[in-house]
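Hello,

Here is the structure for you to look over. My notes on what was found follow below it.

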Amino acid sequence: MKKRKLGNTDLLVYPITFGGNVFGWTIDEQTSFEILDGFTDAGFNFIDTADSYSHWAPGNKGGESETIIGNWMQERKNRDQVIIATKVGSIPGSDKKSLAPKYIRQCVENSLKRLKTDYIDLYQSHYDDLETPIEDTLAVYDQLIKEGKVRWIGASNFSATRLKEALEIAETANLPRYQTFQPEYNLYKREKYETEFEQLVLDNNLGVINYYALASGFLTGKYRSEADFTKSKRGAGIKNYLNERGFKILKALDDVSEQYNANPASVSLAWLIAKPSITAPIASVTSLAQLDDLIKAAALKLDNEEIAILDDASAWK
């Protein structure tokens, strides 16, 4: 594996980001520790979470994922060996989805406490806030960077127009610019990213850490019918993929996987890693066995012919 520079930052990451949304949701702390150990033992170093993870699980209120990661780093004493990305602005509630300076100030302290660290490597605006001026949000990030609590900032789920506007304001106002972008992008969901964002991130040298890299598990190939939905808690979200185009993509994944003696999940991630605009796709696993697919993906170099097969099968035009 070779490290990749995350945008214009000094953060060097390996080409898979571990998605911490599963911590405190589909896996408990002990299993989370085991998987994080396996992930870092394999050489990876980049973990993404959010202050809202995983509020949707019964009994949770948000912050569970950060707490588990913080406990793990404290126990392993490895804070300087991993790169931690978290997000602000997505906890449910009318006063919680905000990028207002006062709210960010409150949230960053809470995240630092849960993560048991003095700094966050990459602090991301989880969702846009149309009520707060972009200058105000960037100004508080500027203060947090100067205080050493945040190293770099990124954006997630912004429209292309608003992302471009934020980049322009940062330049003209001499404020920190978003160095990364986190969109939804995978073999099935291609059109929006490729038509609206791809050229923008390339032109601005933004690091891209795309989420739903495996389409909620559909691209692992384990969901082929509604009868398979019981295979995980996320199974019900697969229904929209079970159509002619979805099955065509699975067929192509099966064919390419057979050639490389790999699983569809590894091939799906390798296809993303091969894209010039993608830095490190986000993927989650809930067992050490599944972790093997991530490890293999990072080492899997698809030939142009196989990439073309996957491109054609997943074409949206």
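**The sheet**

An open sheet is built from 8 strands in the order 9-8-7-6-5-4-3-10, with parallel pairing. Strands pair here if DSSP finds at least two bridges between them. Strands (E, at least two residues) and helices (H or I, at least four) are DSSP runs, numbered from the N terminus. The edges are strand 9 (207-208) and strand 10 (282-283); each has a single partner strand, so one side of each lacks a neighbour in the sheet.

This is a predicted model: local features need pLDDT of at least 70, side-chain atom pairs count only at pLDDT 80 or more, and totals for chains, interfaces and linings use all residues. Residues are numbered from 1 along each chain as its sequence is written, and side-chain values use heavy atoms, with hydrogens and water left out.

**Around strand 6**

Strand 5 (residues 83-88) and strand 6 (residues 120-125) run parallel, joined by 4 bridges. Thr-86 has Tyr-123 of strand 6 as its bridge partner. Val-88 has Ser-125, also in strand 6. Strand 6 also pairs with strand 7, in the parallel sense, over 5 bridges. There, Gln-124 stands opposite Gly-154 of strand 7.

How enclosed is strand 6 by the rest of the structure? Largely, because 6 of its 6 residues are buried. Buried means under 20% relative accessible area, exposed over 50%, and partly exposed in between (1.4 Å probe, protein chains only).

**Helix 1**

Helix 1 (residues 29-41) has 13 residues and should span 18 Å at 1.5 Å a residue; its end C-alpha atoms are 18 Å apart, which agrees. The expected span is 1.5 Å times one less than the number of residues. Its buried residues include Ser-32, Phe-33, Ile-35, Leu-36, Gly-38 and Phe-39. Among the elements covering the buried residues of helix 1 are strand 3 (17-19), strand 4 (46-48), helix 2 (64-76) and helix 9 (288-299). Gly-43 follows helix 1 and has a positive phi, near 110°.

Helix 7 (residues 244-260) and helix 10 (residues 304-313) have axes that come within 8 Å and cross at roughly 170°. Axes are lines fitted to C-alpha atoms, for helices over the stretch in contact, and angles run from 0 to 180 degrees between N-to-C directions. Helix 7 and helix 10 are therefore roughly antiparallel. Angles under 35 degrees count as roughly parallel, over 145 as roughly antiparallel, 65 to 115 as roughly perpendicular and the rest as oblique.

Helix 8 is largely enclosed by the rest of the structure, because 10 of its 10 residues are buried. Trp-271 is one of them. The buried residues of helix 8 pack against strand 1 (4-5), helix 6 (191-203), helix 7, strand 10, helix 9 and helix 10. Contact means heavy atoms within 4.5 Å.

**A lysine to look at**

Lys-275 lies in the loop between helix 8 (264-273) and strand 10. Is Lys-275 buried or exposed? Lys-275 is buried, with a relative accessible area of 14%. Leaving aside neighbours within four places in sequence, Lys-275 is in contact with Tyr-185 and Asp-311.

Best wishes
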